[in-house]
Amino acid sequence: MSAAEPLLSVRDLRVHVPLEGGTVRAVDGVSFDLPGGSTLGLVGESGSGKSTVARTVVGLNRPVAGSIRLAGQEIAGAAERVLAPLRRHVQMVFQDPYASLNPRMTVASAVAEPLHIHGLVPAAGADAEVCRLLELVGLDPSMRRRYPHEFSGGPRQRIGIARALAVQPRLLLLDEPVSALDVSVQAQVLNLLEDLKARLGLTYLFIAHNLAVVRHVSDRVAVLYLGRIVEVASRDDLYAQPQHPYTQALLSAVPVAEPGRPRTRLALKGEPASPITPPSGCVFRTRCPQAVAVCAEQVPALRPVGAGHVSACHWHG
Amino acid sequence: MSAAPASTSSLPEAGTSLGADAWRRMRRNRVAMAGLVVLVLVSLACFLLPPLMGMDPQAVDARRGAQPPGGEHLLGTDTLGRDYLARVLVGGQTSLLVGLVATLVCVLIGTLYGATAGYYGGRVDELMMRFVDFLYGIPYMFLVVLIMLLFEDEARGNPLPVFLALGAVQWLSMARIVRGQVLALRHQEFVLAARLTGASDTRIILRHILPNVLGIVIIYATLTVPAVIILESFLSFLGLGVDLSWGRLVAEAVAVINPIRSYGWLLLWPSLALALTLFSLNFVGDGLRDAFDPRSRR
Amino acid sequence: MHPAPSRAEPVLEVKGLTTEFVTDGGVVRAVDGVSFSLGRGEVLGLVGESGCGKSVTNLSILGLLPRPQGRVVAGEVRFGGRDLLQASEAEMRAVRGNRIAMVFQDPMTCLNPYLTVEEQLAEVGQLHLRLSRASAVERAVSLLTRVGIPDAALRIRAYPHQFSGGMRQRVMIAMALLCDPDVLVADEPTTALDVTIQAQILDLLADLRRERGMAVILVTHDLGVVAGCCDRVVVMYAGRVVEEAATGPLFAQPMHPYTQALLASVPRLSGAAHGRLASIGGLPPRLDRGPFRACAFLPRCSQRRAACEAGEPALQGRGTGRWSRCVLQPGELA
């Protein structure tokens, strides 16, 4: 029995960004599959390349190497002409609710714009569709003639989601969608995203640095460090049995709202290495408490450490 | 289903745009509003009074030459007996029009040029801005005088070359300012979102970039008008400008000063008009800048 | 023989602090009747969401409110035997950076990008401790080493932008500690940092606090940070204190519906995942409408009673060192 082809399939993606001081290897060999209807969480700290991966998938960055297959079609480095019709299938929700909406456009105009660009509704029907979309994300449609600055962060993020849903995409890339929101508002938006996924049969690529949030929404989780994936597992496996030293340190560093719970902190030395001159071999070795000689010589491949669980560490496999 | 956020029911359904917000803040700025009122009054006086009252700035009357203010001639007469009130008002028409039109020219050229350079970036931007740098290097008065001399014959009475000359010099700053703003906007997430939705470059520039540049363009345009008026006055002072404007009147007044009689009022009235208008324009420009301050971003 | 230090002599005491801002839309009462005390060597967490007044509280204490819009209209801040709110600007300058130090969220905006770190740190020593330039620099270097900056003697000559985010925050902490302050006010010191760096900084703060017996006011919205670092917690909502307790009891048995809802809406690293997070519907109230005629949290509270509409509840004692501003008794809460 062959598995259905994943909705999104990325192989050995590399994105190098030229800067004054050198070339930043923002993404350096990332591969993953995203089956339709599921949520893959991409977790990492700043400089891990997770946002770059998302932006490359939607065509905002050009990869120097690698393959991106969306619904069976190769789109890595494709021309805008090829990407244009695919824009209906993939949309993105951005992090900053204050920068992701045009301050000069009313909510209605912003949400209706995708409808007009793709000719999805006749001009007269746009308003009704806008109202439907706003209700879908839990906003009062009578507010649609207001301007973004009249809303706070949570509602603004909902507007951004409504705009993304206007073209009825199959895949939604969420780049830190709740990081800029207060805790209680964050919960509202996360609940909304879960509802929408179930109702509309969406697939999510969820990028965040907040491990607890990622745990809440994801089916599978991939951990990134300095442009590479170091561990992939199902959600439960990753949080219960993290295998890679970085994942272990990351999880132990997250503050938990449970005082008095005994925790072993795996302290990491120093700071992440420079992405312009990454360390030889395993990029994590400069901070890894378990680094040995071979770590400097060979780049560890992602090796299986359990069912559907891989880790890029010389100690495994 | 997530709960709808509590709407503040006291607000109307139509939103207050940033423009409306800015106008509200502007209204509270007394100095700026005073400037605006003065500008409106001066403009009305210059454009409405002469035709309504049948004033003729060119009517020569040698018997009434060089009369001080008072009586029939409120502001006096010049050496050729022409009514000075009429000359100041009609001269104002020219000065104001020159300011307005030249600024419009500058805004149009500068905005389109700067937006294109800023949006496309890369080599296009480099080439376009190097050209601007090159033009910047030419002393602007030299450029303006050159243009004026080239069109000297046509310029007699016709202010068009003056508009063009002044606009041609001022657009450089506008282009730089707009380019800077567009460069910053280009990477904003709402522009990326529009690109992702499939919006064409044209649509992005017209609907997303330019409206957000409008604020800064308005501010600098309002501050360009006085600069242009001064430039025009200087040109007229040098004898290169138009026949009748405030600057020209000042030039003529200075020319007739002699040790016996100074004809003070000939210098006073156009200078006063210039000063009043320029002050008002600057206050309004400052007021607009404060009103558009993007600290409304909450 | 000395008895164990008790809370009898707090190092800082805030009583009834009320702060207002004059804005375009009216007068906003950002802080309303906030009181708490800080014991020697204690870490107090000020928790709440944006707009709750936690940062404004700190700015009010230190006299750093933006003028003329912001002003303290009532209250008392007792420190070192006097009321800081009555102190002159010159007196406050002698206190800031010296007896009470502050660390902010974004070190990039607090360090002068045009001066080297050496100049900025030495200035503190020269100003407050009357040290010579050489001694001030020496002291700065030793502090930088203490906060974990490698090669401090060399790195001190660098400019702020040449440090990474975590390193810059360490520099800020070193700067704050130069004069051995009695109180450190840390306003979201780790929010902008990566998780692993955040852990390092929080560990550092805990060590330093132990070494120097320094009291800390930690402002944060992150309940996890509070759980890991703080001895006591003050929960703020709409500019007022809604609950105060020691950390353990607060998390074990919150006594205000807002605290409960806040704790319930945070996603966890263990336990049940997926499913709905308990979210608090609605939005925080406006603070420019004058005094509240009912409980400030009422519109969003799922446990309201008729008594809630009668007027704003007062802060009531719920046992030793516990307070909550709710008509419901602890036993009545869900």
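**Notes on the A–B interface**

1. Between chain A and chain B there are two salt bridges, a salt bridge being a side-chain nitrogen of Lys or Arg within 4 Å of a carboxyl oxygen of Asp or Glu. One pairs Arg55(A) with Glu189(B), with 3.8 Å between the closest N and O atoms.

2. A word on reading this: the model is predicted, and local features need pLDDT of at least 70, side-chain atom pairs pLDDT 80 or more, while totals for chains, interfaces and linings use all residues. Residues are numbered from 1 along each chain as its sequence is written, chains are lettered from A in the order written, and side-chain values use heavy atoms, without hydrogens and water.

3. Contact (heavy atoms within 4.5 Å) links 41 residues of chain A to 36 of chain B. The two chains bury about 3500 Å² between them, 53% of it on carbon and sulfur atoms; this is accessible area (1.4 Å probe) lost on being put together, summed over both. Of the area that chain A buries against chain B, 20% comes from Arg104(A), Arg146(A) and His149(A), more than from any other three residues.

4. The patch covers about 920 Å², and Leu44(B), Phe47(B) and Leu97(B) are among its members. Its residues have over 30% relative accessible area (Shrake-Rupley, 1.4 Å probe) and no salt bridge, with nonpolar side chains joined within 5 Å. Leu44(B) lies in α2 of chain B.

Definitions and conventions. Patch = residues over 30% accessible without salt bridge, like charges linked within 9 Å, V, L, I, M, F, W, Y side chains within 5 Å. Helix = DSSP H or I, 4+ residues; strand = E, 2+ residues; numbered from the N terminus.
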